[in-house]
Amino acid sequence: MAAQRRNLMQSHQSWTDDLPLCQMCGVGTATNCVYGPDGKGTESHPNEDGHLGFRGEDGCFLYGVFNGYDGSSVASFASQCLTAELLLGQLNSSHTDSDIRRILTQAFDVVEKSYFETIDDALAEKAHLSNYLLPHNENVSFHQLSSQSQKVQERLKELEQEVSGGATAVVALILNNKLYIASVGTNRALLCKSSSDGQNQVLQIGRPHSTDNEDELQRLAALGVDSARVRQAGQIAGQSSTRRLGDYRVKFNYNEIDLLSAAKTRPIIAEPEIHGSHSLDNVTGFLLLMSEGLINALESAHGPEQANQEIVAMVAAELAQQTSLEAVAQSVVERVKRLHHDVYVSGRQRATYCSRHEDMTLLIRTLNYPLADGVLTPTQGGRIYPVSVPYSNSQSTSKTSVTLSLVMPSQSTLTNGTNTASTLEEGTPTPGQSPTATLQSTNTQTQSSSSSSGDGSLFRQRGSQAAQPDETGRVPPYVDFSQFYRLWGSDHSDGQSTQGGLGPQ
């Protein structure tokens, strides 16, 4: 029986091996990190996230980000099984919106049931061995137990590692040029649409199934759960999600969990909330699927108010500079990771929220949104200008200028409804990483980066004291924009003097 279960897990992977990967998406990842007092980070466990991006038949595309916990088995299984349940002939262009929602719901149900089928033998063995052991006596040491009992306990630990864990998921399906989002848990989907006047409108599709979601709290209350206690606790069995894939503890043993013990039936479910369809006709922009770890890292560093706008601004800036979607996604993830680290070492108010972060995954799917060609920005026709920035080497008194690439597109405003985009905080370069800087104003938001090599020793840490303004309210300049102004002026002067135009006044 156990062999049959393992074959089931392997078969889903073999069924999807020949499916073509989608070339219109890119994925960036970062492993979890715990910071020490010196600011150095260590990985506390292997990466537990998963993702998928496939192109099916009949103009069908499937994408997903899975946030695993207590192991990667559920996230890995779900990404394989869900693909097999959706892209092996189940969907076609004749299906209506209601058909697609039904198929998506059924697919998640199959994933959940199939996963538990793969571990039911292990669960049965675990239950049998647990009954074998006598109640634990606190006064009896491990070494005083019989040899057989020791072996049983060791086997129970192995079984617990095999069957524990779960995952949350956000899945995007594109069929007939319409977008459907299916979500279980606390990952996030953002749709960014660029208008003809250069504005970017950000839409968050769905709300996280978490302990502060009013609809979820009402659902739990209807089952007999004390929703006020759930809200106050903030977590259920170590996770903030109220919907999950896997996690046998909250599915089969929920009556043994204090917060859930009063539930009339299974309170933590794997049923997806499905949104769509959203027409993608004539849409220019991009779709973002983000794991909970990425969202939490950014919100811990800067607060939750403008997190969506900030991540979209980062993606738009990288799309204006990078030539591959993989590079775009990875650069954004690294930027969030760096921002999170910088807040922690800064000792500022939010530093207490940034002592660690979980695995981070970002999937970007462009929608008629071209990548940079090395000279122009995707839609605005901007040009890249060099800027000379002096940095001090900590081991030398001399100064070295490093040239960064500053992208200047046409003016545009990043909005979410009526809200303007938040400004991005400049990240302090760290050894081995390319330095970044952000150009900020009320109606434009662009980003520049360099590709300097070496160990990063050219880049100094910012001083603990901010530069003091002079009597005019200005601080001493540390960036030499003379070459930038000269080139900008030559491109825009049309034979006229740029005196009094762009440049310091």
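Visitor: At roughly what angle do the axes of helix α9 and α10 cross?
Guide: Happy to start there: this is a predicted model, in which local features need pLDDT of at least 70, side-chain atom pairs count only at pLDDT 80 or more, and totals for chains, interfaces and linings use all residues. Helices are DSSP runs of H or I with at least four residues, strands are runs of E with at least two, and both are numbered from the N terminus. The axes (lines fitted to C-alpha atoms, for helices over the stretch in contact, with angles from 0 to 180 degrees between N-to-C directions) of α9 (residues 307–319) and α10 come within 9 Å, and they cross at roughly 135°.

Visitor: Which word describes how α9 lies to α10?
Guide: Angles under 35 degrees count as roughly parallel, over 145 as roughly antiparallel, and 65 to 115 as roughly perpendicular, with the rest oblique. The crossing at roughly 135° therefore makes α9, relative to α10, oblique.

Visitor: Which residues of α9 make the contact?
Guide: Contact here means heavy atoms within 4.5 Å. On the α10 side, the residues are Leu325, Val328, Ser331, Val332, Arg335, Val336 and Leu339. Facing them from α9 are Ile311, Met314, Val315, Glu318 and Leu319.

Visitor: Which strands does helix α10 lie across?
Guide: α10 spans residues 325–346 and runs at about 20° to β2. The strands that α10 lies across are β2 and β13.

Visitor: What is the order of the open sheet of 3 strands?
Guide: Two strands pair if DSSP finds at least two bridges between them. β2 (residues 33–35) and β3 run antiparallel and are joined by 2 bridges; the partner of Val34 in β3 is Thr42. With antiparallel pairing, the order is β3-β2-β13.

Visitor: Which strands stand at the edges?
Guide: Each edge strand has a single partner, so one side of it is left without a neighbour in the sheet. The strands in question are β3 (41–42) and β13 (356–357).

Visitor: How many of the 11 residues of helix α8 are buried?
Guide: Relative accessible area sets the class: buried is under 20%, exposed is over 50% and partly exposed lies in between, using a 1.4 Å probe and protein chains only. In α8 (residues 292–302), the buried ones include Glu292, Glu299 and His302. The helix is largely enclosed by the rest of the structure, because the buried count is 10.

Visitor: What is the relative accessible area of Asn282?
Guide: Asn282 sits in the loop between β11 and β12 (285–290). Its phi is positive, near 60°, in a residue other than glycine. Asn282 is exposed, with a relative accessible area of 81%.

Visitor: What is the relative accessible area of Ala237?
Guide: Ala237 belongs to the loop between α6 (227–233) and β10 (245–246). Its phi is positive at about 55°, although Ala237 is not a glycine. Ala237 is partly exposed, at 29%.

Definitions and conventions:
Residues are numbered from 1 along each chain as its sequence is written. Side-chain values use heavy atoms; hydrogens and water are left out.
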